[in-house]
Structure formats: C-alpha cells, structure tokens
Amino acid sequence: MNTIKFAPYNDFVTEQHDVENASAYEANVFGFNGKFYNPCNLNVFIQNKCQNDCEFCINKRNDRTDIDNELYFKNLEAILEGMKAVHLEATITGGEPTLNPARMVETIKMLRKFGVKERTVSTTGIGLMNLYENKPVLQHLIDNDYVHNISISRMDISDTENANVLNGKNITNEELARIAFYAKVNGVQLRTSTNIIENHIDSLEKILKFVDFQYTNNIDSCLFREVIAKDFISIAPFQEQIRNDKNFVFDKVIHGMFYDIIVYIYKSPVTNQEYIVKCYQTNVIDKTVIGTLSYNQGKLRTGFNGEVLYGN
C-alpha cells in the first residue's frame with residue numbers, strides 16, 4: 001500500500017529491519033510449504049470488538065465475535081512454537097485491542113517470550129491509559145519494549161469529524177496530547193495513522209497542516225495511506241507534489257522487496273520541526289512470497305483472509 005510517513009529528523013531509521021537487504025526463504029509450517037519474507041508480519045487480532053464502525057475496516061461489521069481466552073492463548077502459543085522457522089514481527093490490532101487490556105498485555109508478554117518483535121501497535125488510543133494489574137496498558141507496552149510504532153488512528157484534525165469518520169467514540173485531541181506527553185516522558189514516540197479520505201485529509205496542503213497540528217499534540221510522527229473504499233483517493237499525486245516542492249529536499253531512494261522508498265528532508269515553516277519524509281511505493285517483486293500472516297479467532301492465515309495454516 002502506498003504511504004507517506006513523516007518522522008523526526010533525529011529518528012532517521014523508522015524500520016526495524018534492513019529494507020534494502022530483505023530476503024525470502026522457504027519454510028515448512030504446519031505441513032504448508034511456502035516462501036516467506038524476512039521478516040514476515042504477523043497481524044495479531046487481540047479481539048474483533050470495537051467501539052467504532054468504520055466503513056473501511058478490514059474486520060467486516062458482521063464479524064465482530066471473539067473466542068474465549070483459553071482457546072485464544074492455546075492456539076497462539078502453538079502457532080508461535082510451530083513458526084520458529086519463520087522470522088516474525090507482530091502487528092497488534094483488532095477490533096480495538098486496548099479495550100481488552102488483559103488479553104492485549106498477556107499477548108505481548110507471550111510474543112516477547114518467543115522473541116517476536118513489534119512492528120506496529122494499531123489502536124484508536126481509547127484504552128491506552130486503562131489499568132491492568134495497576135498499570136496503564138501503555139506502561140505495559142513500555143515495559144515489554146513494544147513501543148517502536150504505537151500508531152493511533154486519527155482521520156481529521158477536528159474531534160467531531162474524526163469521530164464521524166470512525167463512526168464511534170474516540171479520544172479527543174486533548175486526551176491524545178496527554179497520552180503522547182506520558183509516552184514522551186518515558187522515551188516513547190507515538191505516531192498518528194491517517195487514511196486519505198475525501199473531504200478530510202485529502203490533499204498535500206491538508207497533510208502538512210495535519211502534521212503541524214499534531215506537533216502541538218506532542219506527536220511528531222505521522223503516517224498517511226491510501227484506503228481502498230468508496231471514496232478512494234490515490235496518494236501518488238501527493239508524492240509527485242512532494243517531489244516537485246522545493247521545501248522537500250531529496251535524499252535518496254531505498255529499493256526493497258515489497259516497496260521502494262523515496263526519502264526527503266522537510267522543515268516545517270510553521271513549527272520549524274525537521275522531518276524525514278518517506279514516500280513508500282508498492283513494488284512486489286515476487287508475488288509468491290508471503291509477507292503477511294494473520295492470527296484471528298484462533299486461526300493462522302496467509303494474508304488476512306487467505307489459506308488457513310493452523311486452527312479449525
């Protein structure tokens with residue numbers, strides 16, 4: 001998926017793995033022979049329940065049921081044990097994962113026990129300060145080093161419009177600023193994740209305004225991506241505008257197995273914050289390589305809805 005990522009200049013490396021020297025290898029897992037990307041992203045759906053009802057959600061509205069904890073953890077442990085031949089990174093997602101703090105925290109502990117790094121924690125942020133074992137969920141993420149990309153969904157600068165797009169109850173800008181401050185005090189950088197949606201953040205001008213606004217919220221890392229939905233807007237024209245804008249200074253191109261990254265340096269004329277701006281462009285060299293797996297409802301699948309590798 002094509003994306004644009006703004007990150008602080010002093011955080012030049014935003015990937016945990018070497019994109020340019022990515023590789024693929026063959027492995028047999030649960031009787032399935034395939035080629036896997038190194039690292040392969042395991043999307044762990046903590047739960048399917050959510051306070052929102054987004055039109056663009058990969059979890060369809062009629063599929064919000066969840067299995068019990070015993071089966072959830074039994075199968076997850078069996079999968080992690082059986083997947084040792086595959087180099088995994090985990091994306092924590094849902095549903096809204098923070099609304100089930102016990103399952104979320106215990107999942108992270110299990111992933112860490114098996115040496116699975118975090119790629120992203122995807123959340124609306126609504127339950128990050130919920131207590132589990134007398135500590136906020138965010139503190140558990142910090143304690144378990146699951147803080148590389150805590151990604152909070154924000155679709156508009158306006159609290160009201162953000163809630164309307166996500167179609168539910170969400171944290172306010174004031175609450176987001178408090179959460180981000182807590183994170184920053186603990187040496188953690190949160191980021192916002194925004195879909196390009198018509199009449200919301202749908203132009204480069206609005207992207208730059210959004211980045212400046214989030215800087216006042218203690219957020220200085222922002223990601224923008226396409227969403228394949230009713231009001232699909234390609235991000236390619238914005239990437240082209242960046243290429244031709246003298247405020248963006250070209251740095252280099254990074255070629256990867258699944259995407260190319262064009263890197264720029266940008267300094268906001270409003271906040272004076274300096275950013276590394278990365279324009280990701282999908283470039284799948286070998287479509288037979290599995291780059292994404294998902295664990296949902298006790299089942300391990302290729303992609304999000306592909307072949308079931310484990311679970312009934």
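This briefing covers a helix pair, the aromatic pairs and some backbone features of the structure above.

The model is predicted, and the values below are computed from it. In the model, helix 1 packs with helix 2 at an angle of about 20 degrees, and the structure holds 15 aromatic pairs. The backbone includes a cis peptide bond between Asn 38 and Pro 39, another from Gly 94 to Gly 95, and a positive phi at Phe 30 and at Asn 134.

**Packing of helix 1 and helix 2**

- Two packed helices are described by the angle between their axes and the distance between the axes.
- Helix 1, which spans residues 69–82, packs with helix 2, residues 101–113, at an angle of about 20 degrees, and their axes are 11 Å apart.
- Because angles under 35 degrees count as roughly parallel, helix 1 is described as roughly parallel to helix 2.
- The crossing in which helix 1 passes helix 2 is right-handed.
- On the side of helix 1, the contact is made by Asn 69, Tyr 72, Phe 73, Leu 76, Glu 77 and Leu 80, while helix 2 contributes Arg 103, Glu 106, Thr 107, Met 110, Leu 111 and Lys 113.
- By residue class, the contact of helix 1 with helix 2 divides into six nonpolar, two polar and four charged residues.

**Aromatic pairs and an aromatic cluster**

- A pair of aromatic rings is described by the distance of the centres and the angle of the planes.
- Among the 15 aromatic pairs of the structure is that of Phe 6 and Tyr 266, which is edge-to-face, with 6.1 Å centre to centre and 85 degrees between the planes.
- Phe 6 lies in strand 1 (residues 3–8) and Tyr 266 in strand 12 (residues 259–267), so this pair ties together parts that are 260 residues apart in sequence.
- Phe 6 is buried, with a relative accessible area of 0%, and Tyr 266 is buried as well, with a relative accessible area of 4%.
- Phe 30 and Tyr 310 form an aromatic pair that is tilted, with 4.8 Å centre to centre and 50 degrees between the planes.
- Phe 30 is in the loop between strand 2 (23–29) and strand 3 (32–45), whereas Tyr 310 is in strand 16 (residues 308–310), so the pair ties together parts that are 280 residues apart in sequence.
- Phe 30 is partly exposed, with a relative accessible area of 32%, and Tyr 310 is likewise partly exposed, at 25%.
- One aromatic cluster is formed by Phe 6, Phe 210, Phe 224, Phe 248, Phe 250, Tyr 264, Tyr 266 and Tyr 275.

**Backbone features**

- Most residues other than glycine have a negative phi, and most peptide bonds are trans.
- The peptide bond that joins Asn 38 and Pro 39 is cis, with omega about 5 degrees, and Pro 39 has its place in strand 3.
- A cis peptide bond also runs from Gly 94 to Gly 95, where omega is near 25 degrees, and Gly 95 lies in the loop between strand 4 (88–93) and helix 2.
- Phe 30, in the loop between strand 2 and strand 3, is not a glycine, yet has a positive phi of about 55 degrees.
- Asn 134, also not a glycine, has a positive phi of about 65 degrees, and this residue is found in the loop between strand 6 (131–132) and strand 7 (135–136).
- Asn 134 counts as exposed, at 73% relative accessibility.

Methods
Residues are numbered from 1 along each chain as its sequence is written. This is a predicted model: local features need pLDDT of at least 70, side-chain atom pairs count only at pLDDT 80 or more; totals for chains, interfaces and linings use all residues. Side-chain values use heavy atoms; hydrogens and water are left out. Axes are lines fitted to C-alpha atoms, for helices over the stretch in contact, and angles run from 0 to 180 degrees between N-to-C directions. Helices (H or I, at least four residues) and strands (E, at least two) are DSSP runs, numbered from the N terminus. Angles under 35 degrees count as roughly parallel, over 145 as roughly antiparallel, 65 to 115 as roughly perpendicular and the rest as oblique. A crossing is left-handed if the near helix is turned anticlockwise from the far one by less than a right angle, and right-handed if clockwise. Contact means heavy atoms within 4.5 Å. Ala, Val, Leu, Ile, Met, Phe, Trp, Tyr, Cys and Pro count as nonpolar, Asp, Glu, Lys and Arg as charged, and the others, Gly among them, as polar. Rings of Phe, Tyr and Trp (its six-membered ring) pair if their centres lie within 6.5 Å; planes under 30 degrees apart count as stacked, over 60 as edge-to-face and the rest as tilted. Buried means under 20% relative accessible area, exposed over 50%, partly exposed in between (1.4 Å probe, protein chains only).
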